[in-house]
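I am opening a notebook on a structure that is new to me, and I mean to write down what I look up as I go. The sequence and the structure come first, and my entries follow.

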Amino acid sequence: MRLTQLFLPTLREVPAEAEITSHKYMLRAGLMRKLAAGVYVYLPLGYRVLRKIENIVREEMDRSGAQEVLMSGIIPSELLEESGRWSAFGPEMFKLKDRHERDFCLGPTHEEVFTYVMKELTSYRDLPKILYQIQTKYRDEKRPRFGVIRSREFIMKDAYSFDMDWEGLDVSFGKMHDAYCRIFDRCGLKYRVVQADSGAMGGKESNEFMVMSEVGEDEIAHCENCDYAANVERAESRPDIREKQEEKPLELVATPDARTIQELTDFFETSPDNFAKTLIYTVKDQVIAVVIRGDRELNEVKLVNILECTKDDLRMAEDDVVKNVTNAEVGFAGPVGLKVDKLIVDEEVTYMSNFIVGANKTGYHYKNVNYGRDFKGDIVVDVRKVSDGDVCIRCGGRLSISKGIEVGHIFKLGTKYSEALGAKYLDENGQEHLMIMGSYGIGINRIMAAVIEQNSDENGIIWPMSIAPYHVIIVPVNTSDEVQASLAEDLYDVLSRNGVEVLLDDRDERAGVKFKDADLIGIPIRITVGKKARDRVVEIKDRRTGESLDLTVDQVLGYIK
Ligand code: ATP
Ligand code: MG
Ligand code: MG
Ligand code: MG
């Protein structure tokens, strides 16, 4: 492809909303453009990369024995009603009606559809099966951000396994695990496989594939000594021998009933190292009591418990604050499945006008307290059970916490969907059983961004050869020099004919501009055709190492292949 023909709109400046490297470079290098919040279009270079990632995924899925299919992008509500997800999915699901007022959604994931299709197979002889598709998914993310890392339309490879029993599921799960490792290795990613929560999917065991990156939205605890690694949402440590965070007994603070705002502020300024408080607020229509515990020395507030309340409870709480809150706190009914990363005052959380604030003891609570008015600052609630430096639950080693981008997720689902939709088979004796399922997802676009996060420098992207949009870019320094121009053309011909994917920068631009663009778009090998063209010598430059060497034209093909 010649740059004079390529549709490659590069940018010097990027919109301020592009906060992270991959988002910036994907815009600057003309890989994609934004159409709406979390909705992107892919331009030629970007689409080539996406297709290469898809092909790696496809090859490895096929190698694992999985079979490719294509399901519909829109799903009738009935299927999701059967599993209960029509409502459980919440506002993340894009819903629509047809002209007959029938409900559909744009598929956010396809467990129900695959299970429905599998119902055609009813004999043990048909199992096991792993089916997959590479398809566009839709999720109306609350906060689309970081470009294609969290978008509302994205391409997912999703696979589903159907087995006769749990041992069979272990085998299918293992195959997917290994295929995922091969996929991420081939994409040139540094990643960790971590234990994860099964969350809304429902199921038993799950692993996330996390690309290590400072811009990751997930946090991972991993042991410096053994191979224990888990998403902090479910990581465990050995609290009995914590390195730094010894469990201090909660000191109870005696405070009088609420009188003045000043008194309240004083209480917060002067409360001892350990304190506890209970906040009651509403998220959407749900009323929730959050019990937090603070440690001034560590400058840290931890979530102790989240309790779902009804409006009636709250009325009771207002009348009888102390009893209710204290009970809640000692009752420890356990988290109710609400995931909270941070409780901070922002547009998403509508706080009740009156908080209850105080110590963990009857009689020591303030009523009708307001954020902002009565005390300053955000309270950041940390829901993690583990911290940096904690002791590994498995080997006693030191845990350290780092950030990751979730690029893949594999689940042992069990019978949740086969039961809901009735996917059953008959065994050799004619006995009926539910199929045992697994589900396995990979974010294709997110991989692309994750690769850029790990493979770039101040000049631009550094594509690994396996997914580079082109392998080589030929840059004649001076296109009006006939010797250079024709040698560049010759090379372009030879390489193209030999299956090398090559760009020829035949633009009438200064060499500096061409070099800058070649670096920005990240082509792994640059061939510069300059003054030495007269001796049929060109310069080969490695984008990653910056190393260059001179080769004769005849040596080039051998060097590249
Ligand atoms: P996240 O925790 O980031 O919201 P998820 O756990 O909701 O992701 P899964 O349901 O496990 O995602 O989907 C499988 C894969 O699809 C994810 O591992 C990720 O690579 C990709 N993915 C999910 N949501 C998005 C999104 N909004 N934009 C791009 N890729 C996504
Ligand atoms: Mg999600
Ligand atoms: Mg996740
Ligand atoms: Mg996930």
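**Entry 1: a proline in a loop**

I began with Pro128, which I found in the loop between α5 (111-118) and β7 (129-138); helices (H or I, at least four residues) and strands (E, at least two) are DSSP runs, numbered from the N terminus. The peptide bond that joins Leu127 and Pro128 is cis, with omega at about 0°. I note beside this that most peptide bonds are trans.

Before going on, I record that this is a predicted model, in which local features need pLDDT of at least 70 and side-chain atom pairs count only at pLDDT 80 or more, while totals for chains, interfaces and linings use all residues. Residues are numbered from 1 along each chain as its sequence is written, and chains are lettered from A and ligands numbered from 1 in the order in which they are written.

**Entry 2: the chain as a whole**

I looked up the elements of the protein chain and found 14 helices and 28 strands. Of its 561 residues, 39% count as buried, where buried means that 20 or more other C-beta atoms lie within 10 Å of the residue's own, exposed means 12 or fewer, and partly exposed is in between, with C-beta atoms placed from the backbone. I then looked at contacts (C-beta atoms, placed from the backbone, within 7 Å): among those between residues at least 6 apart in sequence, 69% join residues at least 24 apart.

The largest nonpolar core has 109 residues, and Ile53, Ile474 and Ile523 have the most contacts inside it; such a core is a set of buried Ala, Val, Leu, Ile, Met, Phe, Trp, Tyr and Cys residues joined through C-beta atoms within 7 Å. Leaving aside residues up to four places away in sequence, I list among the residues that Ile474 touches Ala488, Leu491, Tyr492 and Val502.

**Entry 3: helix α13 and Gly460**

Which residues of helix α13 (residues 511-521) are buried? I found Lys514, Asp517, Ala518, Asp519 and Ile521, and the buried residues of this helix pack against α2 (44-63), β23 (460-461), β24 (472-476) and β26 (525-529). Just after α13, Gly522 takes a positive phi of about 75°.

From there I turned to Gly460, which has its place in strand β23 and counts as buried because it has 23 C-beta neighbours inside 10 Å. The residues Gly460 touches, not counting those up to four places away in sequence, are Tyr25, Ala29, Asp519, Leu520, Ile521 and Gly522. Gly460 and Asp517 are 57 residues apart along the chain, yet their C-alpha atoms are separated by 8.6 Å.

**Entry 4: a sheet of three strands**

I traced an open sheet of 3 strands in the order β4-β6-β5, with antiparallel pairing; two strands pair if DSSP finds at least two bridges between them. β4 (74-76) and β5 (94-97) stand at the edges with a single partner strand each, so one side of each is left without a neighbour in the sheet.

β4 is joined to β6 (residues 103-106) by 3 bridges, and here I found Pro76 opposite Phe104 and Ile75 with Cys105 as its bridge partner. Between β5 and β6 I found 4 bridges in the antiparallel sense, with Asp103 as the bridge partner of Lys97.

β5 and β6 form a hairpin with 5 residues between them.

**Entry 5: another positive phi**

Arg536 lies in the loop between β26 and β27 (537-542), and its phi, near 55°, is again positive in a residue other than glycine. With 17 other C-beta atoms within 10 Å, Arg536 is partly exposed.

**Entry 6: around ligand 1**

How many residues surround ligand 1? I found 16, of which the closest are Phe154, His409, Gly441, Gly443 and Arg446; a residue is near a molecule if its C-beta atom, placed from the backbone, lies within 6 Å of it. The elements that give two or more residues to this shell are β8 (153-163), β18 (399-414), β21 (436-443) and α11 (444-454), and β18 gives the most, with 4 residues.

Notes. Two residues are in contact if their C-beta atoms, placed from the backbone, lie within 7 Å.
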